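Here are my notes for your first look at this model. Keep the structure open and follow the points in order.

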2 protein chains.
Amino acid sequence: MDLKDTLLVLTVIFVLIKIAAALFDRFGIPGLVGEILVGILLASIMVGDYSIAEYLKIYSVNGGKREFYLIDTLANLGVIFLLFSIGLETRIKDLLSVGRVSLLVAVSGVILPFALGYTYIYFLGDGNIYHATFMGAAMVATSVGITARVIKDNNFTNTKEARIIISADVMDDILGMIVLAIVTGMTKSDTLDIGHVFIVTFEALAFVGVIMLLSLSVIPKIRKLLESHKFGVCVKDSFMSTKSTLIISVAVCLGLALLAEIIGLAAIIGAFLAGILFSECSSVESLRSKIESVNVLLVSFFFVFVGLQIDVSKVTLEIIPTALFVIALAIIGKYVGCGLGVKIGDRSIDGQSMNIVGLGMIPRGEVGIIVATLGLNTVVNGSTAISPELYTIVVLMSVATTIIIPPMLLAAFRKKYGVRLSSKS
Amino acid sequence: MDLKDTLLVLTVIFVLIKIAAALFDRFGIPGLVGEILVGILLASIMVGDYSIAEYLKIYSVNGGKREFYLIDTLANLGVIFLLFSIGLETRIKDLLSVGRVSLLVAVSGVILPFALGYTYIYFLGDGNIYHATFMGAAMVATSVGITARVIKDNNFTNTKEARIIISADVMDDILGMIVLAIVTGMTKSDTLDIGHVFIVTFEALAFVGVIMLLSLSVIPKIRKLLESHKFGVCVKDSFMSTKSTLIISVAVCLGLALLAEIIGLAAIIGAFLAGILFSECSSVESLRSKIESVNVLLVSFFFVFVGLQIDVSKVTLEIIPTALFVIALAIIGKYVGCGLGVKIGDRSIDGQSMNIVGLGMIPRGEVGIIVATLGLNTVVNGSTAISPELYTIVVLMSVATTIIIPPMLLAAFRKKYGVRLSSKS
């Protein structure tokens, strides 16, 4: 791909998503919905045998598989920087203060959706145990990126509900990983490999735990040392030092994202934790505004990428009723599960907060699609662990929860806290 | 390439180049030299049959050719944003005020190096007229990126010499394009296709001319209209509008870079002109500091990329004397040519300024390598338009001028203007 193609792809996508986001924003709908729709349109409008996305060289189709050259990388970096900036606004103590509630939200938000998905396929569907298990796993998925964007764009990061949702999402990612390890392990050996599940769990907990500990004890000491000696890191109001802080923090962000991927966690979990590490830097305000500039340019690529992966041509009239039913289950599972979780964890919480947390946990985003794709690529007893029809339904469910929920979530936040203008940057 | 590999490449390169740049900076050598050296080292240190760069998946080697997946794109975007930010600091009137001098600098900086390169091969080399012509063209190359970085990092953008160098570089790019059109045209048809050369020249001049005109007459009117009606563009001190300005200006930057590439000019020329278009926005200060944040993260990839393209294993003892001679010619050609050009254009200019402009025009950077590669891929009468040996020599010349000159240029600027701290950001 030469520079001309690269610039063509970048310019066209950048202009389209920014226009779409601005239009949707004007009508009070979160901009990300417009960005996802741009992706779906580019991928689904056909000119002859090729989609517009193919004409624009956004991807090429190789044996039915879409191969992205650039947008996937920008999308990943976009959501990594988004979670990094959320981390920068999250103090470790605030996170720990909602730890118990978040854990309950995460756990009940795993159990109920899994049970609903499994039960549905086992009793009402084809009864295949593997299909049922994968369906359960797909229902468990949570996409922190979608909710994080709504929270960040509208300046609700420092609300209690936002903290509960974000930390429950982090825990959900760990739980989801364990569920996937169990599920894929079962489909491979037909038995449960407890040792593997144990290792996966241990690695994930150790990773998060070590960074939390660093953030609580080691980092503050290093920071004090550096600030007292004017090493040029984390020192307020000096251009050079803010530039150094930007460079160092981005290096840590990339490094922890890589480490998270290596362990098997999502890269964004590493990025979020990196943000927390720097959230108490004295120059954090200036750092935030710099990362914000990068975010403005980068984050939308993540949402258009979610849309670009969807193949509308697979959607037939016959599957619509089933799809609607699955979407309803997906919404109920998370809404009721997480809403109850938050109430059990904190009796004093009101209905509005339950509503916000319940809504915030619903969007499956790209994670639902990833789990479904994994199921389609896993073969058990000669057939795939998820049928092609179910795959399309899970994708539809992921997209629907991603597009329907953000406007409702925004409305719920605004009902409780009023319209908040974005912070100066 | 999956996310793990992408993050590995990004993290390793980002950390290495930032450490190298910081170390070199500390010793008063421009950071870009360190970044280029990191690239050369990664590509040349072999572990078994593969370079470290191959182990890290920075590139893969396919039939002797290095295929980059990610770094090339980041490098291109880095230098595009660098020139965009230089454009943001350049007012069209300041540019026009040095127009005549710059033109003389550009023209004499084309004629003398071309004559030296051509004469050398024709009389002292193998006498092959095509080799001589391509050698001349390679000597003409100028890399605005290298000098621009030194100027920008040290806050000399608003000096007269910087303006002369940058606008002469833009003109050089157009002249270089015309020279290349003539040279490749000749090698293809053995005759001079005047029509083609005319079209190329016309397109380039029209592109630059139209944007200059827009910047002088149309844009100020639109700006006044928007500012008076508070459309949210170019309005001072408002977060939303600065964010809009950032988005719109980056869209224009990408669009003009694409247009420049389509016409056959370098993308960076489009980016520079886009910067000029926005340089008189009332919110330009805030826009600059936002682009600066992006630059801090992106621009170094361009310099490490220059280093990564170099194949040290091709350098043998025998070619060293010739290489040293060619490097000397390359330095003398630009230094004398451009130094004289500036003196002819402006009698009042002093020796220090002649020295700065002469030095600033010397680095060939990636452009010299691009011309050499083009020569290696052009076949005339059954042999390449540039011999493999000459190719290596031109690459060495490009690297040498790129590494040797920046410290001298920085010293010359500081001698005249003193050490300047970077602006607040």
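1. Which residue forms a salt bridge with A:E161? The partner is A:K416. The closest N and O atoms of the pair lie 3.2 Å apart. Keep in mind that this is a predicted model.

2. Now find the two ends of that pair. A:E161 sits in helix α9 (residues 160-189) of chain A. A:K416 sits in helix α18 (residues 388-417) of chain A. Side chains of opposite charge can pair when their charged atoms come close. Over all chains, the count comes to 28 salt bridges.

3. Turn to the interface of chain A and chain B. How many salt bridges cross it? The rule finds zero. It does find three residue pairs in polar contact there, with both residues at pLDDT 80 or more.

4. Next, the extent of the interface. In chain A, 43 residues are in contact with 42 residues of chain B. The area buried between the chains is about 3900 Å². Carbon and sulfur atoms give 76% of that area.

5. Which elements of chain A give two or more residues to this side? They are α1 (3-26), α4 (71-88), α11 (239-263) and α13 (284-298). The largest share, 12 residues, comes from α11(A). By class, the side of chain A that touches chain B has 25 nonpolar, 10 polar and eight charged residues.

6. Finally, look at one helix pair. Two packed helices are described by the angle between their axes and the distance between the axes. For α13(A) and α13(B), the angle is about 85° and the axes are 8 Å apart. That angle makes α13(A) roughly perpendicular to α13(B). From α13(A), the contact uses A:K290, A:S293, A:V294 and A:L297. From α13(B), it uses B:K290, B:S293, B:V294 and B:L297. By class, this contact has four nonpolar, two polar and two charged residues.

Notes
Residues numbered from 1 in each chain as written. Chains lettered and ligands numbered in written order. Predicted model: local features only at pLDDT ≥ 70, side-chain atom pairs only at ≥ 80, totals over all residues. Heavy atoms only, no water. Contact = heavy atoms within 4.5 Å. Buried area = accessible area lost by both parts, 1.4 Å probe. Salt bridge = Lys/Arg side-chain N within 4 Å of Asp/Glu carboxyl O. Polar contact = N/O pair within 3.5 Å; in protein donor to acceptor, adjacent residues only side chain to side chain. Helix = DSSP H or I, 4+ residues; strand = E, 2+ residues; numbered from the N terminus. Nonpolar A, V, L, I, M, F, W, Y, C, P; charged D, E, K, R; others polar. Axes fitted to C-alpha atoms, helices over the stretch in contact; angles between N-to-C directions. Parallel < 35°, antiparallel > 145°, perpendicular 65-115°, else oblique.
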